[in-house]
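Here is a walk through one structure, element by element. Please keep the sequence and the 3D view open as you read.

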Protein chains: 2
Amino acid sequence: MNLWMSNVRKVTPYVAGEQPQNKNVVKLNTNENPYPPAPEVQELMDNYDADIMRKYPDPDVTKLVNALADYHGVGHDQVFVGVGSDDVISVAFLTFFASDKPILFPDITYAFYPVWADLYRIPYRTPAVDADFRIVASDYEQENGGIVIPNPNAPTSIYEGLDFIEGILKKNPSSMVIIDEAYVDFAGESALKLLECYDNLLIVRTFSKSRSMAGMRIGYAIGRPEAIAAMNSIKASINSYTMSHIAIDTGVASVNDDAYFKKTVAKIVETRENAKKRLKEIGFSGPDSQSNFLFVKHESIPGGEIFKKLREKNIFVRYFSKPRIDDYLRITIGTPEEMEKLYTALQEIISER
Amino acid sequence: MNLWMSNVRKVTPYVAGEQPQNKNVVKLNTNENPYPPAPEVQELMDNYDADIMRKYPDPDVTKLVNALADYHGVGHDQVFVGVGSDDVISVAFLTFFASDKPILFPDITYAFYPVWADLYRIPYRTPAVDADFRIVASDYEQENGGIVIPNPNAPTSIYEGLDFIEGILKKNPSSMVIIDEAYVDFAGESALKLLECYDNLLIVRTFSKSRSMAGMRIGYAIGRPEAIAAMNSIKASINSYTMSHIAIDTGVASVNDDAYFKKTVAKIVETRENAKKRLKEIGFSGPDSQSNFLFVKHESIPGGEIFKKLREKNIFVRYFSKPRIDDYLRITIGTPEEMEKLYTALQEIISER
């Protein structure tokens, strides 16, 4: 062994969904958007002067911060932008969870939360969701150093109403409560309006799902000015310049075209509602998804088996070999054409058995 | 005060050089390159299909990792890529400096090192450089949990030969030694060839200086496969996807055009050598720079005064109000035309006094 190895930090990294390079794959495994980014994004790329690259970008990401603040109707000092929502949540963990008290998040949720907690040596507890995969509000009344709730939750796809979120904020005035709204554009109301009454709320969003820009790496947080200032101090202690010129500019272009955004989100929601019916007809069940994916199990075929057989047919979905959910598949909503391929493949798998 | 503030991590962030948005500024303050990126980078932007953005990028950054490995003649498992060298060094600190022993770096050096150490709660000591700003090799023979040496050092601009680096590697087999080579393309030989004999060496490079791509945010590390694997585990515990599609592709385009790269680096070195003479003629002195900036003081006018007066003339240089170096200016090498404007402005400041 190398002698310096004894100084190395031990971690168990997060394992992201596969990114197959094969173009023939029907890729329904990482909750990407099946439609391209707003047309203005393409225009911007077509007219880009590479000479601008030789200079550092604006470390304050002013243009994109202001565009997002105006879009959401909050102050220009209330938005933090990072390299995807993973970067934003990572900075939020480092910023707000520096006490010795355990933070709380559900046992079935985004598998990255415990990874960040371990990395930054933040103690944590994971209250179990109930038999229907619902988060139990009373579990979040114990002493804690912070709370993370994704709404809608992933991979369960369940959205909880604002009363539920407000209850948690009210019971925890001394804890920062992060509401991870990666999928909220496909669901109900954002917790944004609770910011007026609760200073302990931080909302996290991403351009990777509803804005079709997973490949550009843009995420953001909305909070009280004091919370955003605290995150900016931590960010400026890690990397002065995280957002490239082009990420800033294409991000602004996306925010500017709200009509396109709403149209593509509506198409995905329509496809999702149809998918619920189609999958039920062939023996699948699961929570009533309010996101851009379904979380379903089949009445007779194990999830792991369907996952493998779909993969052989070049259809990628996500499977988690974990207690309580190892019979479920997480299936991203694609175009109607991609979904038809999925239904056909599933029917073949069912009838071959 | 907000109640959750007691859980917030306290830091003193790094303060980066100003990024004025005014186009008329002669910007010699953040060591950017005065020449545009390789022509192939522009071509790539001109032909970019924005549809690719809707998918996540390759989390392993394979294309760029392989291009860099081939360029440097190392294995494909010996390169780590991040969002600028700040991101790379931040990950390296988290990865390799997890012991309770203090890490070591010079007292006059890149001001971000103590910020990362504080953030990640890594103890550190800063041996003083000597009266000529040279790093003293024997200071790096005390017990330590890791070492960071920039070569050339910044803001001093001094390059130390490979014997010096090898001496430090030899004395510290149990410590990871990070050689920050942000400016090495303007200097002498890289420590790269020492990797064969020393498993405790990590070399860090950036696209921000010699490759004219500060605005795209690309940095990388070269090390032994075990070291790179350890960094990748930490990276995958922070953010699955740090490099956008376009950063990966434009990075590869830059590496591919070695003739352009060598030509622009040679132009900057030529301008630098001329600048040394011109500044000496008007009363400036400083170390013999082997980087893309000069570190100089004037024989009679305080550094802070020159800094302010240049700024009034829309010429930005970098000034550090710190003990031992508060009479010095760090001046980036611009185009010959920009440098002429600098010389004229300096002569005016001197004659006005």
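**Where the chains meet**

The contact takes 74 residues from chain A and 73 residues from chain B. These values are computed from a predicted model. Several helices of chain A each supply at least two residues of the side that touches chain B. They are H1 (39-46), H3 (84-96), H4 (113-119), H6 (225-235) and H7. The largest share comes from H3(A), with 7 residues. By kind, the residues on the chain A side divide into 38 nonpolar, 24 polar and 12 charged.

**Two helices in chain A**

Turn now to a helix pair. Two packed helices are described by the angle between their axes and the distance between the axes. Here the pair is H2 (residues 62-72) and H7 (residues 245-256) of chain A. Their axes come within 8 Å and cross at roughly 20°. Angles under 35 degrees count as roughly parallel, and H2(A) and H7(A) are therefore roughly parallel to each other. The crossing of H2(A) past H7(A) is left-handed.

Which residues make this contact of H2(A) with H7(A)? From H2(A) come Lys63(A), Leu64(A), Ala67(A), Leu68(A) and Tyr71(A). They meet Ile248(A), Gly251(A), Val252(A) and Val255(A) in H7(A). The residues of this contact divide into 7 nonpolar, 1 polar and 1 charged.

**A sheet in chain A**

Next comes an open sheet of 4 strands in chain A. The strand order is E9-E10-E13-E12, and the pairing is antiparallel. Strands E9 (284-285) and E12 (318-319) of chain A stand at the edges. Each has a single partner strand, so one side of each is left without a neighbour in the sheet.

E9(A) pairs with E10 (residues 293-298) of chain A over 2 bridges, in the antiparallel sense. Within this pair, Ser285(A) has Lys297(A) in E10(A) as its bridge partner. Helix H8 (residues 258-281) of chain A packs on the sheet and touches E9 and E10 of chain A. The direction of H8(A) makes about 5° with that of E10(A). Another helix, H9 (residues 303-312) of chain A, lies across E10, E12 and E13 (328-332) of chain A. H9(A) runs at about 40° to E13(A).

**Strands in chain B**

Now move to chain B and its strand E13 (residues 328-332). This strand is mostly covered: 5 of its 5 residues are buried. In a regular strand the side chains alternate between the two faces of the sheet. In E13(B), Tyr328(B), Arg330(B) and Thr332(B) point one way. Leu329(B) and Ile331(B) point the other way.

What are the partners of E13(B)? Strand E10 (residues 293-298) of chain B is joined to E13(B) by 5 bridges, and the two run antiparallel. Strand E12 (residues 318-319) of chain B is joined to E13(B) by 2 bridges, again antiparallel. Leu329(B) takes part in both pairings: Leu329(B) is the bridge partner of Val296(B), and Tyr319(B) stands opposite Leu329(B).

One more strand of chain B is worth a look. In E2 (residues 79-82), Val79(B) and Val81(B) point one way, while Phe80(B) and Gly82(B) point the other. All of these residues are buried. E2(B) pairs with E8 (residues 219-222) of chain B over 4 bridges, in the antiparallel sense. Ile222(B) in E8(B) is the bridge partner of Val79(B).

Note on methods
Residues are numbered from 1 along each chain as its sequence is written. Chains are lettered from A and ligands numbered from 1 in the order in which they are written. This is a predicted model: local features need pLDDT of at least 70, side-chain atom pairs count only at pLDDT 80 or more; totals for chains, interfaces and linings use all residues. A residue is buried if 20 or more other C-beta atoms lie within 10 Å of its own, exposed if 12 or fewer, and partly exposed in between; C-beta atoms are placed from the backbone. Two strands pair if DSSP finds at least two bridges between them. Axes are lines fitted to C-alpha atoms, for helices over the stretch in contact, and angles run from 0 to 180 degrees between N-to-C directions. Angles under 35 degrees count as roughly parallel, over 145 as roughly antiparallel, 65 to 115 as roughly perpendicular and the rest as oblique. A crossing is left-handed if the near helix is turned anticlockwise from the far one by less than a right angle, and right-handed if clockwise. Two residues are in contact if their C-beta atoms, placed from the backbone, lie within 7 Å. Ala, Val, Leu, Ile, Met, Phe, Trp, Tyr, Cys and Pro count as nonpolar, Asp, Glu, Lys and Arg as charged, and the others, Gly among them, as polar.
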